[in-house]
Amino acid sequence: VTITTRLLVSHLSGIRHYEKDITKVKEEKEKANRALKLTKSYQDKEQKEKEGKGIEKTDCVKQKKEHDSETKSRNSKPGRNDKEFEQEEYYLKEKFESVIESLKIFKNDPLFFKPGDQFLYSTYGFTLLSAVVERASGQKFTDYMLKMFRDLDMLSTVLDDNEAMIYNRARCYIYNKKGRLVNAPYVDNSYKWAGGGFLSSVGDLLKFGNALLYSYQAGQFKNRNSKLLPGYLKPGTVAMMWTPVPKTEVSWDRDGKYAMAWAVVEKNQQYGCCRQQRHYASHTGGAVGASSVLLILPEELDPEALGAWPAAPPRGVIVTIICNMQSVSLNSTALKIAREFDKEKRAQ
């Protein structure tokens, strides 16, 4: 088979995640699909009830209970059992000296499916991607990334190295099996620098979001303001990164698709004065003792009015949340915050 970097960055490579048993992975996918169908069925019945179609309320309640039961294992809430964090490989304590060395964890394991056929979120896919970056750049992956963070002025973003003295490093927490708050166990993330091995701050993630949004929009302003500096990335590159990829899915927003290292919801409205989707890009993060999200809601620019606008990009709302608590669902909260700021801006 052939595995390309595009397949890796969109989680279509077939490389496993932490779960080694493909049967269990398939069972979880089927359970998630059933929950999604139940959600849609419940919402349809609820809508018909509002329209006076005579659907009994008890049926809706029963359907909702079945849906809640199905989705219990997928909801990321403090104190709730998150099956992903039951995997032993989340708690590795071995220190790896290079990303090439860390490939030994999974390099001899079979692929779960033919590359390009199915979506399976894989942290190890990004470990392989980091090895590609290392060989292509001729630099250690960690050195390459730290230089990039300096270029982006993200001076508080560093490797999650247990030995290093890191100013203001937060203590991380989890709920144990009895539902009590305890300190997160010791882990060494050197086996997955690319997939979850960096520490950052809210300020740095906002800078990262602003740099991407600026790059995305700069092309629309370049002919109207000669003093506008180029973006860190080309506008077409960010647009490509934020273009949904077929056969992908997103666990934290069923309206979304996975793109290139980002989850994306496209602009969509089927009926007038009815529900509409705004275009946004986001990604959540989950680690032992920590949760995070970065969400970018670009402003919808009117090309005809751009010349009259005095303000340059970035234009939109960026929300980031970092929580030193494991298994906290943050994307919906970030989206609500972004919409409130966007609503306020539109009202001005």
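Me: What is the strand order of the open sheet of five strands, and which pairing does the sheet have?

Reply: The order is β5-β6-β9-β10-β11, and the pairing is antiparallel. The model is predicted: local features need pLDDT of at least 70, side-chain atom pairs count only at pLDDT 80 or more, and totals for chains, interfaces and linings use all residues. Residues are numbered from 1 along each chain as its sequence is written, and side-chain values use heavy atoms, without hydrogens and water. Strands are DSSP runs of E with at least two residues, helices are runs of H or I with at least four, and both are numbered from the N terminus.

Me: What makes β9 and β10 a pair?

Reply: A pair needs at least two bridges found by DSSP. Strand β9 (residues 280-287) and strand β10 (residues 290-298) have seven, in the antiparallel sense. H283 is bridged to L294, and T284 to V293. The two strands form a hairpin with two residues between them, and G289 in the turn has a positive phi of about 85°.

Me: How many bridges join β6 to β9?

Reply: Three, for β6 (residues 263-265), with the strands running antiparallel. A263 and S282 are bridge partners. Two bridges would already meet the rule.

Me: Where does helix α10 lie?

Reply: Helix α10 (residues 331-347) lies across β9, β10 and β11, at about 150° to β11. The angle is taken between N-to-C directions on a scale from 0 to 180 degrees, with axes fitted to C-alpha atoms, for helices over the stretch in contact.

Me: What span is expected for α10, and what does the helix reach?

Reply: The expected span is 1.5 Å times one less than the number of residues. For the 17 residues of α10 that gives 24 Å, and the helix reaches 24 Å from its first C-alpha to its last.

Me: Why are the buried residues of α10 said to line one face?

Reply: The buried residues (under 20% relative accessible area; exposed is over 50%, partly exposed in between, with a 1.4 Å probe and protein chains only) are N331, A334, L335, A338 and D342. Seen down the helix axis, they fall within an arc of 95°, so they line one face. The arc is taken over the directions from the axis to the C-beta atoms. These residues pack against β9, β10 and β11, where contact means heavy atoms within 4.5 Å. The face turned away carries exposed K336, K343, E344 and A347.

Me: Is F341 called buried or exposed, and why?

Reply: Exposed, because its relative accessibility is 55% and the cut-off is over 50%. F341 lies in α10. Its C-alpha is 7.0 Å from that of V317, 24 residues apart along the chain.

Me: Which accessibility class does S292 get, and why?

Reply: S292, in strand β10, is partly exposed, because its relative accessible area is 25%. Among its contacts are H283, T284 and I321.

Me: How many disulfides are there?

Reply: The count is zero. A disulfide needs two cysteine sulfur atoms within 2.5 Å. The sulfur of C273 is 6.9 Å from the closest one, in C274, so it is too far for a bond. For C323 the closest is in C172, at 9.4 Å, also too far.

Methods: Lists of a residue's contacts leave out its neighbours within four places in sequence.
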